[in-house]
Amino acid sequence: MRRFLIALLSISFAFVTFAAVCPVRKGKPVARIVCDSTEALTGALMLQDFIGRISGARLPIVSDNGKPKKNDIVFRRSSDPAIHEDGFRLSTGPGHLLIESNRGNGAAYAAVTLLEDYLGCNYWGEFEYTIPTLSDISFPDIERIDNPAFRYRQSQNYALATDSVYRLWRRLEEPRDEFAASYWVHTFDRLLPSAVYGNSHPEYYAWFDGRRHPGKASQWCLTNNDVFEIVAARVDSIFKANPGKSIISVSQNDGNRTNCTCPSCREIDDREGSPSGSVIHFLNRLADRFPDKQFSTLAYLYTMHPPKHIRPRPNVNIMLCDIDCYREVPLPENPSGRDFLKALEGWSAISDNIFVWDYGINFDGTSTPFPNFHIIQPNIRTFRDNNVRMHFSQIAGYRGGDMSELRTFLISKLMWNPDADVDSLTTTFLNGYYGAAGQYIGQYLKLMEGALLGSRTPLWIYDSPVSHKDGMLNPILRQSYNNLFDKAENAVAADSALLARVQRSRLSLQYSELEIQRTEPKKDTARLSAMLDTFEMRSRRFGLASINERNNSPIDYCRLYRQRYLPKPNRNLAADAIATFSAPLPAPYDRIAPTALTDGLFGGATYKDSWIGWEGIDTSITLDLGEVKSISSIESDFLHQLGAWILQPMSVTYYISTDGKNFSGGWKTELPDDPDPKVKFVNVRHNLTTPENARYIRVDIEGTKQCPHWHYGVGNPCWFFIDEITVL
């Protein structure tokens with residue numbers, strides 16, 4: 001019995017002595033940070049910095065490779081295969097804390113884990129963090145290995161470029177970290193510039209519709225051996241100039257339906273059942289030429305589905321994109337998602353080197369509510385379970401974008417551990433970032449999620465608030481959302497930092513209100529003006545730089561809104577005139593066509609309302625004013641939206657008539673190519689030299705009809721869209 005008690009006391013004494021590591025006592029350092037390599041220095045410096053902020057004690061960093069002293073924190077490299085790239089092991093030895101890492105940033109991520117999980121720190125956004133005040137710092141008995149689910153994790157947030165600590169804390173990487181010379185997606189024109197080869201060697205570029213299509217956005221003829229040799233030489237030179245990098249992207253230019261269909265390329269693609277066949281054939285040749293390098297290529301739009309027979313070499317990385325999927329439910333729960341899953345499962349059956357590019361962004365409205373939080377975890381788990389090793393989650397990470405900080409927080413956590421408790425993570429962020437306002441922001445998010453699902457309206461990456469004005473953004477719900485934001489602002493009114501966070505997060509709701517209100521026939525001018533003033537003021541204050549991927553600024557948006565949408569005296573002589581057309585309109589534009597051009601409602605930047613359009617043809621539009629009137633000018637309103645393949649017309653010609661049979665005039669305006677990616681409203685106006693009488697106005701529109709060489713739809717039909725025709 002006595003021996004048993006002695007043994008028990010020995011065990012207890014050992015626990016007391018070795019279970020806890022206490023590097024700081026009463027605000028004084030009592031230990032060191034021991035760092036055995038430059039790779040671990042970032043983690044050591046981060047730990048030193050934050051422990052100093054927490055306690056006021058500065059732990060010295062030393063490179064002592066001898067036996068650790070009591071309470072030391074020791075960083076060590078390890079070759080243990082259980083520790084993966086970016087992973088780490090934390091363990092308390094006899095009186096010290098050991099941090100082991102292998103390749104990548106494991107040492108820094110271990111430091112983040114110690115600060116977050118054991119010392120109560122957190123990092124929310126750009127230079128926005130929470131740290132406690134402690135005079136004593138101690139770590140309990142720890143034994144854990146923590147590896148990421150994906151070896152490469154990428155997302156978007158404005159803070160990644162400005163706050164290096166934020167980037168490390170979120171454990172995110174960027175293409176420049178991995179890809180040689182930042183050759184990352186849509187690299188065809190960088191590797192084989194059409195400006196150099198397009199005129200002299202059109203045979204290097206895609207054949208379809210009876211001719212070659214050289215251009216900045218063109219695809220390659222992937223069976224042309226000269227193309228292969230030029231690209232191989234270029235790749236070789238890039239790797240030699242970037243000796244620390246071993247992966248490069250050789251991937252199709254942006255665009256769809258632009259692949260080569262020459263007999264040689266078509267033969268491969270027909271045999272493989274997908275245009276990805278000729279792509280993989282080409283990439284495999286590169287992989288064989290450079291077996292020690294990795295080659296990433298896109299499986300995107302027309303190449304999304306895998307080939308039937310050919311298999312990618314192990315050093316060919318498949319970057320699979322789910323751009324065509326709707327986002328209101330997880331991937332298995334709607335047809336677009338199931339089609340992508342079929343592609344993912346097909347690729348995962350023939351490759352374990354897969355990179356998934358997932359989209360959680362509204363490109364046409366980065367400041368529009370995008371309630372997809374409920375699908376983030378199930379989709380990431382799906383990727384993890386299908387051999388995905390690298391993951392890019394593209395979100396609206398702009399300053400002032402819809403819940404940018406929360407999105408990055410959740411996505412970064414789930415890309416590291418897809419099985420984390422997402423509800424707990426969300427609550428942690430909301431309470432930590434918004435303080436007392438967090439509960440109301442959480443209610444707002446849940447209410448909108450339920451409203452989206454209840455509306456059964458798809459959530460799309462080229463969406464508009466107008467699409468949801470009868471669903472999740474109907475008037476009753478918008479009032480409820482605003483009530484919750486009012487409560488949130490009131491809850492933190494005394495704290496300027498927290499109040500600013502709430503008001504910045506409210507911008508997306510305010511933008512949606514403005515977008516929906518501009519489509520209403522009756523408008524409260526005073527209220528709209530006040531809303532515009534608030535949105536513009538807060539956009540300036542919080543640094544909201546753009547409202548869409550085309551970099552249209554909110555300041556320009558407000559200026560145009562006041563000119564374009566606020567009520568003004570309607571002097572349009574064509575108001576409510578009925579229009580007829582020389583060419584039938586495609587659905588759904590045919591439903592609004594007769595009155596859309598004269599109802600006084602100007603369309604927005606997303607072609608979702610008021611606009612009518614034609615693809616690949618010219619059109620004549622005739623307005624009947626109802627009676628002969630004296631006119632002095634004619635003006636038409638067109639949309640320039642390259643992302644949707646909507647180009648301004650080549651020319652617009654105006655005619656007038658008193659009887660609808662004999663027309664005079666022929667006043668023609670020619671419009672040049674405009675490759676500017678910003679969304680624009682193009683007004684084509686003709687002022688008559690002297691007023692003339694007319695009952696009928698004819699507008700002849702010469703469409704661009706085919707996307708030009710600089711556009712990523714090169715060679716394919718393009719649209720023109722027209723809205724109001726104004727006659728004065």
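## Basis and overall make-up

The model is predicted: local features need pLDDT of at least 70, side-chain atom pairs count only at pLDDT 80 or more, and totals for chains, interfaces and linings use all residues. Residues are numbered from 1 along each chain as its sequence is written, and side-chain values use heavy atoms, with hydrogens and water left out.

The protein contains 21 helices and 26 strands; these are DSSP runs numbered from the N terminus (helices H or I, at least four residues; strands E, at least two). Its C-alpha trace spans about 120 × 65 × 40 Å along the principal axes. Of the 728 residues, 57% count as buried, where buried means under 20% relative accessible area, exposed over 50%, and partly exposed in between (1.4 Å probe, protein chains only). Among contacts (heavy atoms within 4.5 Å) with a separation of 6 or more, 74% come from residues 24 or more positions apart.

An open sheet of 3 strands has the order 2-1-10 with antiparallel pairing. Strand 2 (28-29) and strand 10 (137-139) lie at the edges with a single partner strand each, so one side of each has no neighbour in the sheet. Two strands count as paired if DSSP finds at least two bridges between them. Strand 1 (residues 21-25) is joined to strand 10 by 2 bridges in the antiparallel sense, and Val-24 stands opposite Ile-137 in strand 10.

## Partners of strand 22

Strand 22 (residues 619-640) pairs antiparallel with strand 20 (residues 578-581) over 4 bridges. In that pairing, Ile-578 has Asp-624 of strand 22 as its bridge partner.

Strand 22 also runs antiparallel to strand 25 (residues 680-702), with 17 bridges between them; Asp-637 is bridged to Asn-683 in strand 25. A further antiparallel pairing, over 4 bridges, links strand 22 to strand 26 (residues 719-727), and there Glu-635 has Thr-726 as its bridge partner.

## Helices 18 and 19

The axes of helix 18 (residues 507-517) and helix 19 (residues 525-542) come within 10 Å and cross at roughly 145°. Axes are lines fitted to C-alpha atoms, for helices over the stretch in contact, and angles run from 0 to 180 degrees between N-to-C directions. From helix 18, Leu-507, Gln-510, Tyr-511, Glu-513, Leu-514 and Gln-517 take part in the contact. Residues met in helix 19 include Leu-528, Met-531, Leu-532, Phe-535 and Arg-538. By class, this contact has 8 nonpolar, 4 polar and 3 charged residues. Here Ala, Val, Leu, Ile, Met, Phe, Trp, Tyr, Cys and Pro count as nonpolar, Asp, Glu, Lys and Arg as charged, and the others, Gly among them, as polar.

## Cysteines

The structure holds 0 disulfides, a disulfide being a pair of cysteine sulfur atoms within 2.5 Å. For Cys-221, the closest cysteine sulfur is that of Cys-262 at 3.7 Å, too far for a bond. For Cys-121, the closest is in Cys-22 at 17 Å, also too far. Cys-221 is buried at 4% relative accessibility, and Cys-121 is buried at 2%.

## Ser-404

Ser-404 belongs to helix 13 (residues 404-416) and is buried, with a relative accessible area of 0%. Leaving aside neighbours within four places in sequence, Ser-404 contacts Asn-157, Tyr-158, Ile-395, Ala-396, Gly-397 and Tyr-398. The C-alpha atoms of Ser-404 and Asp-364, 40 residues apart along the chain, are separated by 16 Å.
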